[in-house]
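Welcome! Please take a moment with the sequence and the model, and then let us walk through them together.

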Amino acid sequence: MAVDEKKERKSDAAYSWSQGQGDVTVTFMLPDGTTKDKVTCVIKVDHIKVAISNNTLLEGPLFTKIDPDGSTWIIEGTRYLSICLSIG
């Protein structure tokens, strides 16, 4: 399987996620007017917290350990928050 191919996908009302060989990507739809200043994204080795304007969207332990330094988040356009968690 190529690295950019996703092997598993899940969708939820609040977010969707996909998993590749070395990463997991979590995507949230953002409310209108959301800017990066309103986003809180705390990524730890075994825990994640995502909030918009102090409204927690996702918080809890991760299934496996990830590399926080290799993990990133970005606002795509004006509608999506995409978080890439580097496994390892």
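How much of the protein chain do buried residues make up? They account for 27% of its 88 residues, where buried means under 20% relative accessible area, exposed means over 50%, and partly exposed lies in between (1.4 Å probe, protein chains only). Before going further, keep in mind that this is a predicted model, in which local features need pLDDT of at least 70, side-chain atom pairs count only at pLDDT 80 or more, and totals for chains, interfaces and linings use all residues. Residues are numbered from 1 along each chain as its sequence is written, and side-chain values use heavy atoms, leaving out hydrogens and water.

Let us begin with the overall layout. Read from the N terminus on, the elements are β-β-β-β-β-β-β-β.

Now look at strands E2 and E3. A hairpin of 3 residues joins E2 to E3, and the two run antiparallel with 5 bridges between them; two strands count as paired if DSSP finds at least two bridges. In general, strands of a sheet pair through backbone hydrogen bonds, either parallel or antiparallel. One of the bridges here sets Ser18 against Thr25 in E3.

The structure also holds 1 aromatic pair. Its members are Tyr15 and Phe28, whose rings are tilted, at 5.6 Å centre to centre and 50° between the planes. Rings of Phe, Tyr and Trp (its six-membered ring) pair if their centres lie within 6.5 Å, with planes under 30 degrees apart counted as stacked, over 60 as edge-to-face and the rest as tilted. The pair links distant parts of the chain, with Tyr15 in strand E2 and Phe28 in strand E3, 13 residues apart. Phe28 is buried, because its relative accessible area is 0%.

Next comes a sheet. An open sheet of 3 strands is ordered E4-E5-E6, with antiparallel pairing. Strands E4 (39-43) and E6 (55-61) stand at the edges with a single partner strand each, so one side of each is left without a neighbour in the sheet. E4 pairs with strand E5 (residues 47-52) over 5 bridges, in the antiparallel sense.

Ile43 is found in strand E4 and stands opposite Ile48 in E5. Ile43 counts as buried because its relative accessibility is 16%. Pro68 is 25 residues from Ile43 in sequence, yet their C-alpha atoms are 5.7 Å apart in space. Gly60, in turn, has its place in strand E6 and is buried, with a relative accessible area of 12%.

The largest pocket holds about 390 Å³. A pocket is an open set of points on a 1 Å grid over the protein atoms alone where a 1.4 Å probe fits, with protein on both sides within 12 Å along at least five of seven lines; lining residues have an atom within 4 Å of a point. The lining has 15 residues, with Trp17, Val24, Leu62, Phe63 and Leu85 nearest the centre of the largest pocket.

Key: Helix = DSSP H or I, 4+ residues; strand = E, 2+ residues; numbered from the N terminus. Points joined across faces, edges and corners; volume = space filled by probe spheres on them.
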